[in-house]
There are 2 protein chains.
Amino acid sequence: MAAAAVEMIHAYSLVHDDMPCMDDDVLRRGKPTVHVEFDQATALLVGDALQSLAFQLLSAPGLLTDEGVQLRMVHTLAQASGSRGMAGGQAIDLESTGKPLDAAELEFMHVHKTGALIRAAVMLGAHCGSELDAGEAASLDRYAKCVGLAFQVVDDVLDAEADSATLGKTAGKDAVQGKATYVTALGLSRAKSLAQDLRAQSLAALAPFGARATRLAQLADFIVLRKF
Amino acid sequence: MAAAAVEMIHAYSLVHDDMPCMDDDVLRRGKPTVHVEFDQATALLVGDALQSLAFQLLSAPGLLTDEGVQLRMVHTLAQASGSRGMAGGQAIDLESTGKPLDAAELEFMHVHKTGALIRAAVMLGAHCGSELDAGEAASLDRYAKCVGLAFQVVDDVLDAEADSATLGKTAGKDAVQGKATYVTALGLSRAKSLAQDLRAQSLAALAPFGARATRLAQLADFIVLRKF
């Protein structure tokens, strides 16, 4: 249920980001975007309702026996979604379009735009399991931050290298829209190295957990090694 | 804090509803709407972030000593905001524009579009006070439903009768947009009677609470007797 709530926040953000006043995209996951298939008003309302549904699910009676933990999960997801998380990162992204950004500025933007929700997803998963000590929580958060950034670096590389049919979304849009990416900031070769560095850092952060973190390690590999 | 959370949901819905793909309105509370003052992307993101902030506030650690009650408040607000509440009502409204609706169809639309959030506001207030028995909760919910509908009936009357300067928003838009309203469904005179009936019903529902409900009774009077 926690995973579904995160996915709903993610899905709503994609529906809204694809709208003409934002990225103005017509293709998503290989299909027409919501405002193309239906209309803009529907896309706006679907996104709004999906965000509500995420919090409705996560606050559902009986989801966890510990209601305090459940309340903290709601709070974590709300913080990650809002003005100091995903929505704020999106605003920075819009503000920055057409301006050259260096790698540090890009990192600041992506830590908010995509990183916040990925970190929330990891921490929500942790909330559902056995309690973590402060050191373990910090390690997990470091893992999530590296994986989140790696995701974005790889996304930028794929946008520059792959074609739309493989990606399931419009390829090459970053360059057309004059967006600063890790490829424009670092060049293709250094961007690829950065993705590998972040993969190594994320795996290192999992070391204290040993075999318990196998799935998280596989996730880091999947994110960096994916071709679409 | 609960009141602020409801206000944030309400404010986000206004920002999104004013956008060109929805009601396309340029004036709100006597000022330019958000997409006019800034741009559509900003209006979209501000609305999204306000919704997150509502749930962030309502789930804040230490807001109530009873975390179970707090979790139920989050759930109530999320349900009222989503596809079976406000956002769903808005979708019905868009779907119905240009079609003649009778009073029963109008009620179904408004129970969702504006009524759900008004009911949530009343029930959230109740959650913050001493515990209610089932009969008291049902009475409060009846009060909230009548007040919510009364609000909409009066809104339709004012849109037909008042001017923009008094309303702080564009007057006469319903007729221009071919929207079904209580004035088109019942005529002005019967719409005004309905508002008075709903006021009487809402006050009757408060009877079991005696003087404890004075503020709620004043609110019903305010909603029906307002001139803007």
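In the predicted model, chain A can be superposed on chain B with an RMSD of 0.0 Å by a turn of 180° and a shift of 0.0 Å along the axis. The two copies are thus related as by a two-fold rotation axis.

The contact between the copies draws 34 residues from chain A and 34 residues from chain B. Of the interface residues of chain A, 100% are also interface residues in chain B, so the copies meet through the same surface. The size of an interface is often expressed as the accessible area that is lost when the parts come together. Here, chain A and chain B bury about 3000 Å² between them, and 70% of this area lies on carbon and sulfur atoms.

One salt bridge joins the side chains of A:Glu67 and B:Arg72, with an N to O distance of 3.5 Å.

On the side of chain A that touches chain B, the elements giving two or more residues are helix H1 (2-17), helix H3 (40-58), helix H4 (67-81) and helix H5 (86-96) of chain A. By class, this side of chain A has 17 nonpolar, 14 polar and 3 charged residues.

Conventions: Residues are numbered from 1 along each chain as its sequence is written. Chains are lettered from A and ligands numbered from 1 in the order in which they are written. This is a predicted model: local features need pLDDT of at least 70, side-chain atom pairs count only at pLDDT 80 or more; totals for chains, interfaces and linings use all residues. Side-chain values use heavy atoms; hydrogens and water are left out. Copies are superposed by least squares on the C-alpha atoms of residues with pLDDT of at least 70 in both. Contact means heavy atoms within 4.5 Å. Buried area is the accessible area (1.4 Å probe) that two parts lose on being put together, summed over both. A salt bridge is a side-chain nitrogen of Lys or Arg within 4 Å of a carboxyl oxygen of Asp or Glu. Helices (H or I, at least four residues) and strands (E, at least two) are DSSP runs, numbered from the N terminus. Ala, Val, Leu, Ile, Met, Phe, Trp, Tyr, Cys and Pro count as nonpolar, Asp, Glu, Lys and Arg as charged, and the others, Gly among them, as polar.
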